[in-house]
Amino acid sequence: MTMAKPKAPRRTLESYSVKHMNKPIKAGDCVLMRPSEPSKPSYVARIEGIEADSRGANVKIHVRWYYRPEESLGGRRQFHGSKEVFLSDHFDVQSTDTIEAKCIVHSFKSYTKLDAVGNDDFFCRFEYNSSTGAFNPDRVAVYCKCEMPYNPDDLMVQCEGCSDWFHPACIDMTVEEAQRLDHFFCEACSVEGQKQLQNSHSATRPSDTKVDTKRRRR
């Protein structure tokens, strides 16, 4: 009778330096990981922990996957941003060899305030249940006549009357026309808005400008 070989004890690492990267990784960091097929975009994951064998070799990372909209049961929808990911309930153990680079998954609010969006910038506003397809939160604010959640890739204009935001196409306007606007009142507010402008002594924008455009992200 032979005895089963006992499993070698593994130890938790506080951080680990991946060979081809200048920066060490640690729990809480987000990383891009090599996809199963070269034609697919890199996987996005959050590191939950790092462990190695007793000699410090055979390093593995415990990850929680982010899903891209097209990987969810509902698929990609009009309001999903190009850099949007969902924090899933899918946990896994992977080799550090599959890590391509570090990345940053911003909150939705932080992402919309970025001056420029880099290749390693993503944002997350939903958690996603991979077995049921449910999202948390299950409701978010909607805007415009089309009543869609905000896609940070799209330019929008704000009504000075009701403060709602509108897609140029939904108000029969081109993006270029929207960018040239000094004032904008939606259809519902336009009559009242015109009166306000006529009564105003100055046609310049007030210092606490209500008119703004949500910037197009690339």
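Is Y128 buried or exposed? Y128 is buried, at 3% relative accessible area; buried means under 20%, exposed over 50% and partly exposed in between, with a 1.4 Å probe and protein chains only.

The views below show a predicted model, in which local features need pLDDT of at least 70 and side-chain atom pairs count only at pLDDT 80 or more, while totals for chains, interfaces and linings use all residues. Residues are numbered from 1 along each chain as its sequence is written, and side-chain values use heavy atoms, leaving out hydrogens and water.

**View A. The aromatic pair of Y111 and F123.** Rings of Phe, Tyr and Trp (its six-membered ring) pair if their centres lie within 6.5 Å; planes under 30 degrees apart count as stacked, over 60 as edge-to-face and the rest as tilted. The count comes to 11 aromatic pairs. In the pair of Y111 and F123, which is tilted, the centres are 4.6 Å apart and the planes 40° apart. Y111 belongs to helix 1 (residues 108-112) and F123 to strand 9 (residues 121-124), so the pair ties together parts that are 12 residues apart in sequence. Helices (H or I, at least four residues) and strands (E, at least two) are DSSP runs, numbered from the N terminus. Y111 is buried at 0% relative accessible area, and F123 is buried at 0%.

**View B. The aromatic pair of Y128 and F135.** This pair is also tilted, at 5.1 Å centre to centre and 45° between the planes. F135 is partly exposed, at 27% relative accessibility. Y67, F86, F126, Y128 and F135 form one aromatic cluster.

**View C. Charges over rings at F122 and F108.** A charge sits over a ring if NZ of Lys or CZ of Arg is within 6 Å of the ring centre and within 35 degrees of the ring normal. K83 lies over the face of F122, 4.6 Å from the ring centre. The charged end of R125 is placed over the ring of F108, 4.6 Å from its centre.

**View D. Cysteines C162 and C186.** A disulfide is a pair of cysteine sulfur atoms within 2.5 Å. By this rule there are 0 disulfides. For C162, the nearest cysteine sulfur is that of C159, 3.7 Å away. The sulfur of C186 lies 3.6 Å from the closest cysteine sulfur, in C189, which is too far for a bond. C162 is partly exposed at 40%, and C186 is buried at 6%.
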